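This report describes one protein model for a reader who has not seen it before. Please look over the sequence and the structure before reading on.

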Amino acid sequence: MRTGTAARVGQYTALFGYLVFLAFPFLWLISTALKPPRELGSLHPTWIPRDPTLDNFRQAFDEQPLLRAASNSLIAAAGAAVIAVLIAAPMAYVMARHRTLLARAAGGWVVVSQAFPFVLVIIPLFLVLKNLRLINSVPGLVMVYVVWALPFALWMLVGYVRAVPAELEEAAAVDGAGRLRTLVSVTAPLMAPGLAATALFAFVTAWNEFFFALVLLKTPEKQTLPVILTHFIGAEGVADLGPLAAAAFLATLPSLVVFAVLQRRITGGMLAGAVKN
């Protein structure tokens with residue numbers, strides 16, 4: 001009895017420590033964003049600002065086009081998430097239901113492609129986009145994000161397709177449904193947690209991505225939010241800490257909102273009781 005209680009206390013202590021570890025950067029970011037300049041330069045920083053102010057937020061919007069950059073990021077991230085899921089879902093269905101040598105080779109290539117560094121693929125992608133005249137454009141960036149997110153999205157969805165009982169598809173086939181109708185009406189609804197998790201992964205990855213956006217987008221009107229945040233750092237590497245923290249805090253909110261909206265889909269057990277053995 002005492003051993004079980006001690007183990008439970010240890011588990012909750014470790015969980016609390018992990019939560020503090022995760023929350024510390026975000027809470028410190030909020031604290032920094034609300035501090036006036038004299039507190040930011042203090043040798044004895046405090047958690048709670050003594051004289052909280054919103055001037056850093058106003059200064060951030062005055063110095064940089066944050067709304068336009070956020071709009072570009074939203075278009076790129078949402079477009080990449082939707083397109084990646086639409087492409088990966090039918091591909092994952094074929095790979096999961098038809099376990100041929102070609103499907104296994106494709107699955108192996110998906111895993112290997114995740115090891116490719118950004119620097120290795122940026123030159124071929126740049127040349128392709130240059131020929132398509134999509135350099136310095138948000139649609140071109142969306143195409144790059146889809147290519148980068150597709151392998152992992154496909155790998156995730158293959159597992160979710162295999163978790164759907166084949167008996168349901170066989171029953172749909174007996175009722176006269178074709179492959180496409182079965183995928184749309186039977187398999188896809190049961191894959192909703194997987195589709196939501198995949199879309200969330202693609203969205204957050206594209207929203208936070210910096211390297212491709214820095215290389216492919218040259219004009220400030222087309223740049224995304226992570227690139228604009230670097231403008232708060234001067235030529236000598238000195239950061240305008242208050243406005244930078246305020247802008248960075250605002251940049252984290254969309255990811256949190258998307259996760260809050262989709263978290264039930266991600267954690268929901270929609271397959272429970274679907275088939276009786």
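## Basis of the model

This is a predicted model, in which local features need pLDDT of at least 70 and side-chain atom pairs count only at pLDDT 80 or more, while totals for chains, interfaces and linings use all residues. Residues are numbered from 1 along each chain as its sequence is written, and side-chain values use heavy atoms, with hydrogens and water left out.

## Overall form

The protein chain contains 13 helices and zero strands. Its pattern along the sequence is α-α-α-α-α-α-α-α-α-α-α-α-α. Helices (H or I, at least four residues) and strands (E, at least two) are DSSP runs, numbered from the N terminus. The C-alpha trace spans about 75 × 70 × 30 Å along its principal axes.

Of the 277 residues, 35% are buried. Here buried means under 20% relative accessible area, exposed means over 50%, and partly exposed lies in between (1.4 Å probe, protein chains only). Among contacts with a separation of 6 or more, 72% join residues 24 or more positions apart; contact means heavy atoms within 4.5 Å.

## Surface and charge

The protein chain exposes about 16600 Å², and carbon and sulfur atoms supply 70% of that area. Accessible areas come from the Shrake-Rupley method with a 1.4 Å probe, and for residues only the protein chains shown count as cover.

There are 20 positive and 13 negative side chains, and the centres of the two sets lie 11 Å apart. Lys and Arg count as positive and Asp and Glu as negative, while His and the chain ends are not counted. Each charge is placed at NZ of Lys, CZ of Arg, CG of Asp or CD of Glu.

## Annotated segments

An unreviewed UniProt entry places the feature "transmembrane region" at residues 12-30, 74-96, 108-129, 141-161, 182-207 and 244-262. UniProt positions are given in the numbering used here, feature names are shortened, and annotations may be inferred rather than shown by experiment.

Two of these segments can be described further. Residues 74-96 are 100% helix and 0% strand, with end C-alpha atoms 32 Å apart. Residues 141-161 are also 100% helix and 0% strand, and their end C-alpha atoms are 29 Å apart.

## The loop between α6 and α7

Ile135 sits in the loop between α6 (118-131) and α7 (138-163). It is partly exposed, with a relative accessible area of 26%. Leaving aside neighbours within four places in sequence, Ile135 is in contact with Phe126, Leu129, Lys130 and Leu216. Its C-alpha atom is 11 Å from that of Leu214, a residue 79 positions away in sequence.

Arg133 belongs to the loop between α6 and α7 as well. Arg133 is not a glycine, yet its phi is positive, at about 60°. Asn136, found in this loop too, likewise has a positive phi near 60° and is a residue other than glycine. Is each of these residues buried or exposed? Arg133 is exposed, with a relative accessible area of 78%, whereas Asn136 counts as buried at 18%.

## Selected helix positions

Ser73 lies in helix α4 (residues 66-97) and is buried, with 2% relative accessibility. Not counting residues up to four places away in sequence, Ser73 touches Trp207, Thr224, Leu225 and Pro226. In the loop between α3 (55-63) and α4 is Pro65, which is partly exposed at 27% relative accessibility. Pro65 and Glu221 are 156 residues apart along the chain, and their C-alpha atoms are separated by 8.3 Å.

Ala192 is part of helix α10 (residues 192-208). With a relative accessible area of 13%, Ala192 is buried. From Ala192 to Tyr160 the C-alpha distance is 9.2 Å, and the two are 32 residues apart in sequence. Ile123, in helix α6, is exposed, with a relative accessible area of 56%.
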